[in-house]
Amino acid sequence: MPSVGQLAQVACLWEATARKPGNVHRYRDFDDLTYHDFLLAAVAVGQVMEGARAAERLGRVVLDGVEQTRDFVRTNANLGILLLFAPLAAADTSAAPHPWPALRYGVPDLLAKLDLEDSRLVYRAIRQARPGGLGRAPEQDIYDEPTLPLREVMALAAGRDLVARQYANGFREVFEEGVPALEYGAEQIGCLEGAILFCHLFLMSKYPDSLIARKRGRAEAEEASRRAAEVLVSGWPGTAEGQDDFHDLDAWLRAEGHGRNPGTTADLVAASLFAALRAGILTLPASLPWTTPSLISKKEGISPTPGDCRER
């Protein structure tokens, strides 16, 4: 049976490889962040999550993850993933007859025990990772020393950051929406990549992406949500209109460098994958194929055919 660290690596690899609109994947890089970077970062994530249950503090897991990632890549490839994976990895499901409810109830219990020292460690991790678009906050600013336990700090940011919101509400979007979206996508589309893309589109359609909002403003994050909803309403992946809307969304997200990169949505997708793997909802070896030829119509930079991979 795969270990917790191995499941964390698989979740990272699946999320990075799926051809999500606006994100880095195996056929599209950013100037300062590449698919190769995400593969290397997955190694660091797996190593740290393997020891999460035995760690003295959750904040230490996040900080260790940032520091170990810097041994592999120079830029921030996984801060959101580390913040989301740490509680999922630390929750003990080994003695439970049903790991899914054990995970759903275990994670909020862990979050309730976080204290001021966890806040200090996570603040250090965030400052070291230097995530894009990070501004100043009126309370508990990341460039100051925290004075509240971590869950209370995250609650202050929950209205503007989807990762912080998971700490405040017990991973509600991951457990109640992300994981079910993966299940639905797998059933309806019949491949893992399709399930991941459906989950990504679904979450982005419901929640304006925090990273886009930080970099480009709330209006553009809401526009990304509207366009993602259009892709789903138009019948992607089973209609020509849906395929066209998918490519239009991808082109629009990439039109301004990577200022419209829906990176927070991608982090929630990765967390949903990790939760589904930990709970046995998704299993290894995988029972579904990775992709299907008709999932995404053939266009430059997105085709699953290796010969269509862009020049690096």
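This is a predicted model: local features need pLDDT of at least 70, side-chain atom pairs count only at pLDDT 80 or more; totals for chains, interfaces and linings use all residues.

User: What is the place of Arg19, and is Arg19 buried or exposed?

Analyst: Arg19 sits in the loop between helix 1 (4-17) and helix 2 (35-50), and with 1% relative accessibility Arg19 counts as buried. Its side chain makes a polar contact, at 2.7 Å, with the side chain of Glu193.

User: Which side chain of opposite charge is nearest to Arg278, and how far away is it?

Analyst: A salt bridge requires a side-chain nitrogen of Lys or Arg within 4 Å of a carboxyl oxygen of Asp or Glu. Arg278, which is in helix 14 (residues 263-278), is buried yet has no salt bridge, since the nearest side chain of opposite charge, Asp92, is 5.8 Å away. The side chain of Arg278 does make a polar contact with the side chain of Thr93, at 3.2 Å, and among the residues that Arg278 touches, not counting those up to four places away in sequence, are Val4, Leu7, Leu88 and Pro99.

User: How should I read a whole helix, and which residues of helix 13 are buried?

Analyst: An α-helix has 3.6 residues a turn, so residues three or four places apart point the same way. In helix 13, the buried residues include Gly242, Phe246, Leu249, Asp250 and Leu253, and what covers the buried residues of this helix includes helix 10 (192-206), helix 11 (210-216) and helix 12 (218-233). The length can be checked too: at 1.5 Å a residue, the 15 residues of helix 13 (residues 240-254) should span 21 Å, and the end C-alpha atoms are 21 Å apart, which agrees.

User: How many helices and strands does the protein have, and what radius of gyration would a compact globule with 312 residues have?

Analyst: The protein has 14 helices and 0 strands. A compact globule with 312 residues would have a radius of gyration near 20 Å, and the 18 Å of the protein agrees with that. Buried residues make up 53% of the 312 residues, while, of the contacts with a separation of 6 or more, 72% are between residues 24 or more positions apart.

Methods:
Residues are numbered from 1 along each chain as its sequence is written. Side-chain values use heavy atoms; hydrogens and water are left out. Helices (H or I, at least four residues) and strands (E, at least two) are DSSP runs, numbered from the N terminus. Buried means under 20% relative accessible area, exposed over 50%, partly exposed in between (1.4 Å probe, protein chains only). Lys and Arg count as positive and Asp and Glu as negative; His and the chain ends are not counted. A polar contact is a pair of N or O atoms within 3.5 Å; within protein, one must be able to donate a hydrogen and the other to accept it, and residues adjacent in sequence count only if both atoms are side-chain atoms. Contact means heavy atoms within 4.5 Å. The expected span of a helix is 1.5 Å times one less than its number of residues. The radius of gyration is taken over C-alpha atoms; the globule rule is 2.2 Å times the number of residues to the power 0.38.
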